[in-house]
Structure formats: C-alpha cells, structure tokens
Amino acid sequence: MKFLDSRTIYWKLIKQKFEKPSSYSKFTDMFGVFDDEKWEKIYMLPFRCSSNTRIRNFQFKITHNILYLNEKLYIFNKTDTELCYFCNHQKESQNHFFYDCNVVRRFWEEVFLTFHCIFENINIEEHIVLLGIIDEGKQLANLIIILGKQVLYETKMNNGELTINMLKSKIKVIENIEKKIATQKNKMLYHLMKWEKYLNM
Ligand SMILES: [Zn+2]
C-alpha cells in the first residue's frame, strides 16, 4: 500500500469534503479561473513553507476566507465599526485589510524592499499577498508573506502600531525554532538551504 503523508491526506480530505471551498468562487472572481493543480498548490502552500501549526492555520483561514475582520464582524454585531483598523476609511474586508489599504501597501513595500534578496523579481500583487507564490523554491518568501499578514492581524487585535520590526523578530524566532527542530531531526542541510538568503543578509 502506498504511504500517504499528512499533506496528501489533507488534500484528499479537502477534495472529498469540500470539493471546492466556498472561497473558490470569491478568488475566481478576483483573480480569474485557476486549474485544480494551481488550487492544490495554493492550499498546500502553508504546509510546504512551515511546520508550525499556528502559521498553517492562519493561512488556511485566509485561503478559505474565514478569517473574520470588521466587515463581517459588523454584520454579526461583534464590533462597532465595519471600517479598516489601519485607515479607518474603507470597509475592512480581507483583501482591503491585507492588500488594498494604503497603510498596508506601504508596509508591504517596506517588507519587499527589506527582503529583496528573498523576493527577488516577485512584485507585490494581490494574489501573491493573499494566496502566496506557487513557484518552486519560494518557501521562505511565502513564509515571510504569511508572517507579514500575521503581523497585520496581531497589530489590529492588540490595538498596536504597525511596524516592520515585529515581522523581523517573528522571522528570527521562527528561524530559531526551525533550526532546533532541524538539528534534532538531522535536517540541517534542508534548513540551511531554505534559510540561506536570510542568513546571508
Ligand atoms: Zn484600510
């Protein structure tokens, strides 16, 4: 019998249970039709770029459009405003909050500039920020994008001020955790390959 790893099982479950997640039509409206292979890569992306459950779950919520922000919370009477935490001007939808907002756009510009050796020729685009980069060998860039979105979300939840320093420390912490795991599992070579561009910065 063929051995199935957790990623394969997860993908089979998604296919059986949801066939196409409800977010599919939303993203199709936004970005055009993706074939099944592209969707599989998009849904598998958080599993490929991190072993951290919190990071994976967070990106899962985004790709399934179930991360509740002010626009939805307002409908359920869970918040006083439907407006964006950062600009206080537009409705806080998922794509506004993570990409469209002027404040957020400036944050991404700083992120892509600071880590240009990791992003290389990748531009800041809505589908990149929301769903990730599906090209091979972009695990670290994808991880940084997810961590960047976590920073945006946590800044709002903690009523804080948006700064790239929070992202820099998050990346440092994750690299350290992954290094420890890699040492225990004798996978230092993989770790160094994944993190090479960051460690050489
Ligand atoms: Zn905004």
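Modeller: Two residues are in contact if their C-beta atoms, placed from the backbone, lie within 7 Å. The model is predicted, so local features are used only at pLDDT of at least 70 and side-chain atom pairs only at pLDDT 80 or more, while totals for chains, interfaces and linings use all residues. Residue numbers start from 1 along each chain as its sequence is written.

Leaving out residues up to four places away in sequence, Val 129 touches Phe 98, Tyr 99, Trp 108, Ile 124 and Ile 145. Val 129 is also among the residues with the most contacts inside the largest nonpolar core, a list that includes Phe 97, Phe 98, Val 104, Ala 141, Ile 144 and Leu 147. That core has 38 residues. A nonpolar core here is a set of buried Ala, Val, Leu, Ile, Met, Phe, Trp, Tyr and Cys residues joined through C-beta atoms within 7 Å. Buried stands for 20 or more other C-beta atoms within 10 Å of a residue's own, exposed for 12 or fewer, and partly exposed for the range in between, with C-beta atoms placed from the backbone.

The elements that give two or more residues to this core are α3 (36–49), α4 (53–63), α6 (94–100), α7 (102–114), α8 (116–119), α9 (126–131), α10 (139–157) and α11 (164–184). The largest share, nine residues, comes from α10. Helices (H or I, at least four residues) and strands (E, at least two) are DSSP runs numbered from the N terminus. On that basis the protein chain has twelve helices and zero strands.

Ile 124, one of the residues touched by Val 129, is also in contact with Phe 112. Phe 112 lies in helix α7 and counts as buried because it has 20 C-beta neighbours inside 10 Å. With neighbours within four places in sequence set aside, Phe 119 is its other contact. The C-alpha atoms of Phe 112 and Ile 122 are 8.6 Å apart, at ten residues along the chain.

As for confidence, pLDDT is the predictor's own score for each residue, from 0 to 100. The chain mean is 89, and 89% of its residues reach 70 or more.

Helix α11, one of the contributors to the core, also packs on α12 (188–199). Their axes come within 9 Å and cross at roughly 160 degrees; axes are lines fitted to C-alpha atoms, for helices over the stretch in contact, and angles run from 0 to 180 degrees between N-to-C directions. That makes α11 roughly antiparallel to α12, given that angles over 145 degrees count as roughly antiparallel, under 35 as roughly parallel, 65 to 115 as roughly perpendicular and the rest as oblique. Residues in this contact include Ile 171, Glu 175 and Ala 182 of α11 and Met 188, Tyr 190 and Trp 195 of α12.

The loop between these two helices holds Asn 186. Its phi is near 60 degrees, a positive value in a residue other than glycine. Most residues other than glycine have a negative phi. Asn 186 is exposed, with 8 other C-beta atoms within 10 Å.
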